[in-house]
Amino acid sequence: MSSRLASFKGPSTPSSSPVAARQPSTPSSPSRFSELPHHRTLRSQLLELRNIAYEWDERVSGQGLKAASNLVDARTELDNELAMLSVGKQPAYPIVLEKLRFMESCIEELHDVIRRLDKLFQKMVKIIKSLEVLLHEVHKTKGWRFVEEPLWVTWSLEKFVTKLPYILKPYRRSLEMHMELVEQLRPHDVTFEESRRIIAEWQAQPHLALGGWDAVWEDICAVEVDRWNPPR
């Protein structure tokens, strides 16, 4: 992350258990009545991070899972057709070629998913860097005590910005895992059992189960960010 944060207090891993829920009728911070530009910027960037996380899940669980399943199904169908041939009889060339072309299209679809996931990850990095710049600018104009004050409930601008980078690690690991799974699934001689294992790991997204947006940040933002839109 940016060296701008070097002078700030070292971050600790964010807890997935936010503070006690707010009472809507009794706001915890006067800033709820007088939001400044950095309040609105932070909220909009957090919402954008959530949108990225949702698109990530759609790419993996929708487009990617469908392509991987179609690939395995096509291989299974071809194996079954070949197994039914009489000994010494050659399969019809158009049937095999058609299946192979379809398999290659599935593999290309998986590579497209990886490219899209990489772009989403780079967007996450860009947002977090922009918030580091925001913290630096507010600190420069308002002072250290100001950036440590609660924004809406208990979390300060400094706390949000120093904790958010932790979301990058699970998404980076998830991206690397899916890249490896695509390479494992690419060979046409991979066994059916191994293919099932790969698809199950693809769908589970284990790195996001504990550190992804829904696992940590949605609950925090629901409590700590005023006018936080409910998830779709």
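Helices (H or I, at least four residues) and strands (E, at least two) are DSSP runs, numbered from the N terminus, and in that numbering Ser195 lies in helix α6. The structure is a predicted model, in which local features need pLDDT of at least 70 and side-chain atom pairs count only at pLDDT 80 or more, while totals for chains, interfaces and linings use all residues. Residues are numbered from 1 along each chain as its sequence is written, and side-chain values use heavy atoms, with hydrogens and water left out. The secondary structure of the protein chain comes to eight helices and zero strands, so that, by the DSSP definition, the order from the N terminus reads α-α-α-α-α-α-α-α.

**Chain as a whole**

- Of the 232 residues in the protein chain, 41% count as buried, where buried means under 20% relative accessible area, exposed over 50% and partly exposed in between, with a 1.4 Å probe and protein chains only.
- The protein chain exposes about 12900 Å², of which carbon and sulfur atoms supply 54%; accessible areas come from the Shrake-Rupley method with a 1.4 Å probe, and for residues only the protein chains shown count as cover.
- Among the contacts in the protein chain with a separation of 6 or more, residues 24 or more positions apart account for 82%, contact being defined as heavy atoms within 4.5 Å.

**Helix α1 with helix α5**

- Two packed helices are described by the angle between their axes and the distance between the axes.
- The axes of helix α1 (residues 37-83) and helix α5 (residues 168-185) come within 12 Å and cross at roughly 10 degrees, which makes α1 roughly parallel to α5.
- Axes here are lines fitted to C-alpha atoms, for helices over the stretch in contact, with angles running from 0 to 180 degrees between N-to-C directions; angles under 35 degrees count as roughly parallel, over 145 as roughly antiparallel, 65 to 115 as roughly perpendicular and the rest as oblique.
- The crossing of α1 and α5 is left-handed, a term used if the near helix is turned anticlockwise from the far one by less than a right angle, with right-handed used if clockwise.
- On the α1 side, Ala53, Trp56, Val60, Ala68, Leu71, Val72 and Arg75 take part, and they meet Tyr171, Ser174, Leu175, His178 and Leu185 in α5.
- The residues of this contact of α1 with α5 divide into nine nonpolar, two polar and one charged, where Ala, Val, Leu, Ile, Met, Phe, Trp, Tyr, Cys and Pro count as nonpolar, Asp, Glu, Lys and Arg as charged, and the others, Gly among them, as polar.

- The axes of α1 and helix α6 (residues 192-204) come within 10 Å and cross at roughly 175 degrees, which makes α1 roughly antiparallel to α6.
- Val60, Gly64, Leu65, Ala68, Ser69, Val72 and Thr76 of α1 meet Phe192, Ser195, Ile199, Trp202 and Gln203 of α6, and by class this contact of α1 with α6 has seven nonpolar, five polar and no charged residues.
- The axes of α5 and α6 likewise come within 10 Å, crossing at roughly 160 degrees, and the two helices are therefore roughly antiparallel to each other.
- α5 passes α6 in a left-handed crossing, with Met177, His178, Leu181, Val182, Gln184 and Leu185 of α5 making the contact with Glu194, Ser195, Arg197, Ile198, Glu201 and Trp202 of α6.
- By class, the contact of α5 with α6 has six nonpolar, three polar and three charged residues.
- Ser195 is buried, with a relative accessible area of 3%, and, leaving aside its neighbours within four places in sequence, Ser195 is in contact with Val72, Leu185 and Val190.

**Helix α8**

- In helix α8 (residues 213-224), the buried residues are Trp213, Val216, Trp217, Glu218, Ile220, Cys221, Val223 and Glu224, and the buried residues of α8 pack against α1, α4 (157-163), α5 and α7 (206-211).

- Ser156, placed in the loop between α3 (144-148) and α4, counts as buried at 5% relative accessibility.
- Not counting residues up to four places away in sequence, Ser156 touches Val147, Glu148, Glu149, Pro150 and Leu151.
- Gln205 lies in the loop between α6 and α7 and counts as buried at 5% relative accessibility; although Gln205 is not a glycine, it has a positive phi of about 45 degrees.
- Arg227, in the segment after α8, is a residue other than glycine with a positive phi, near 55 degrees.
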